[in-house]
Amino acid sequence: MATIEARGLRKVFGTTIALDGINLRVEEGRILGIIGPNGAGKTTALSAILGLTSYEGQLTVLGRDPWNARDQLMRDVSFIADVAVLPRWIRVSQLLDYVAGVHPRFDRAKAEAFLAKTIIKRTSKVRQLSKGMVAQLHLALVMAIDAKLLVLDEPTLGLDILYRKQFYDSLLNDYFDKTRTIVVTTHQVEEVQDVLTDLMFIDRGSIVLECSMEEFESRYLEVMVNPEHVAAARALKPIHERPVFGRSVMLFDGANREQVAALGEVRRPSIADLFVAIMRRPKDGQ
Amino acid sequence: MNSPSNAESGPGSATPATTTPSEAGASDPGYNNAATRPFYWSVWRELWENRSIYIAPLAVAVVVLFGFMISTYGMPERRRGVLLMDPAKQRALIGEPYDVAAMMLIFTVFIVGVFYCLDALYGERRDRSILFWKSLPVSDLTTVLSKASIPLLILPLVTFVIIVATQFVMLLWSSVVLLTSGLAGTTWTRFNLLEQSLILLYSLIALALWHAPIYGWLLLVSGWARRATFLWAVIPLLAITIFETITFNTTHFIRMLGHRLTGFAAEAFDFQGQHNPDIHSLSQLTPGRYLSTPDLWIGLAVAAAFIFAAVRLRRYRGPI
């Protein structure tokens, strides 16, 4: 059974179509990255998955309808909505007491072990902690919950690079195992490149691209083209071209590797480059 | 320590779409589940978040005690004078500061309750922490009920304890002041702390039940409004009152509101034809009559409706 399965998932706010009938399937044990510009529908999709908003169409998460069974679903799902949502008045010790008291799958000793690696004091209030420490605290709580699905909506927004690196390292090393599924949305596309197993681009409420990272690496090629081969390269119809230090860097979709290797230096594209390429591409029919 | 060993073998053995597992630890096979007490911990959350629940009445109690202590200057002479009057007058005069202390604390706690309710479902939306609370397996019903329990259960309890403690300290103090004149016992005989405490307990319960729809209304407004919760709570009531006066030249609505604020006393107590609210004996309590007053049950039904609506609102409303 897929962890998340959506068919025709649609959400309209007044006259704005936030999600335009998307189909989605996330298998167990995958780490999916949802990338998209602001207003693309990422947060709406996650809200629907987490039972925070109603929707049209079909959606099941771990076999349940999230809108109708949110509180039961939250035993198996944890999420970090944003770096800043922990209540500012609460003490770390009170937070631990509360989560331990209401969540059947919370391991308090584990959370305290994670916190012991930080400089966060048990008696501090959240408002006394820096942004990075709040993120560490929230992550410590979430990683101590034995959930089947973890959803992270821009979890490292505004954090410095040390915290961001530590965040994903902890997540991969201390939390992720093949039975857990993680869904991440982020603008910091580069740093999740090595973390993801699956990729999804979303724009204006629709899924623009969907592939596994293996597919991504075999299908898309980036070539730094030698100046004398530029015309030949253009004839192969790259999906994107940009100048870098006077040379042309082209992105190819499904091109033959040997053919392209003759034109210049071939390398793996970054997700960011592919994202820009696809977003800038004229829409079908135009 | 929980070991996340998973007896399920993979995508084939699906988590069943369950019917209604109870909130306290229904288990999927293979996962350890601790027993949970969501309601208990949600009430604690409210107490941690809103310390005014106990700090405000404590502060008022301290002020009352301080004022009382100052007022006992010259007490022995005044007491001798009072003891010459008839027993009913004695009881009234000697008990007065205690009744005043109790009423001030009850009034304080009512204000605390009103402002608590106005913020209860609003604060968590405004600071976006609702996204954290909703990430935990606590239902909207449990959360709203835990918030409703503050003005209906916790505040009356806190008030009761603080009032009785304050009155006890006042009694001790008055005994100390009167000790040398040999009149120390006269306060204790005219103001029977045990009987008065029982009357107080009954009054607080009766009052909480009577005011339930007020708190329900405020909770509903706090769950709905995006700003200025106080205005949203008061102005519609004002608007209805004015509309009724202008259109029908009647005052039913405002009188209903006034009745809802103060009307419980007429049904809960037997004033024996007197006009002053001096309840001095357990025999003046009329729980039977009170429980058969239709207005009480209508109020409770309205409170339940408001709370039910607040639960639905919490489900639909996200951060502001």
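Helices (H or I, at least four residues) and strands (E, at least two) are DSSP runs, numbered from the N terminus. This is a predicted model, where local features need pLDDT of at least 70, side-chain atom pairs count only at pLDDT 80 or more, and totals for chains, interfaces and linings use all residues. Residues are numbered from 1 along each chain as its sequence is written, while chains are lettered from A and ligands numbered from 1 in the order in which they are written.

**Stop 1: chain A as a whole.** Select chain A and you'll have 11 helices and 13 strands on screen. Its C-alpha trace spans about 65 × 40 × 35 Å along the principal axes. Of its 286 residues, 47% are buried (20 or more other C-beta atoms within 10 Å of the residue's own; 12 or fewer is exposed, in between is partly exposed, and C-beta atoms are placed from the backbone).

**Stop 2: strand β6.** Now pick residues 149-153 of chain A, which are strand β6. How many of its residues are buried? The count is 5 of 5. Show side chains: A:Leu149, A:Val151 and A:Asp153 point one way, with A:Leu150 and A:Leu152 going the other.

**Stop 3: the neighbours.** Bring in helix α6 (residues 161-175), and β6(A), α6 and β7(A) form a right-handed β-α-β unit. Right-handed means that, with the strands pointing away from you, the path from the first strand over the helix to the second runs clockwise.

**Stop 4: the core.** Select A:Ile49, A:Val77, A:Ala140 and A:Val151, the residues with the most contacts inside the largest nonpolar core, which has 93 residues. Such a core is a set of buried Ala, Val, Leu, Ile, Met, Phe, Trp, Tyr and Cys residues joined through C-beta atoms within 7 Å. Its largest share, 8 residues, comes from helix α5 (residues 131-143) of chain A.

**Stop 5: chain B.** Over here you'll find 14 helices and 0 strands.
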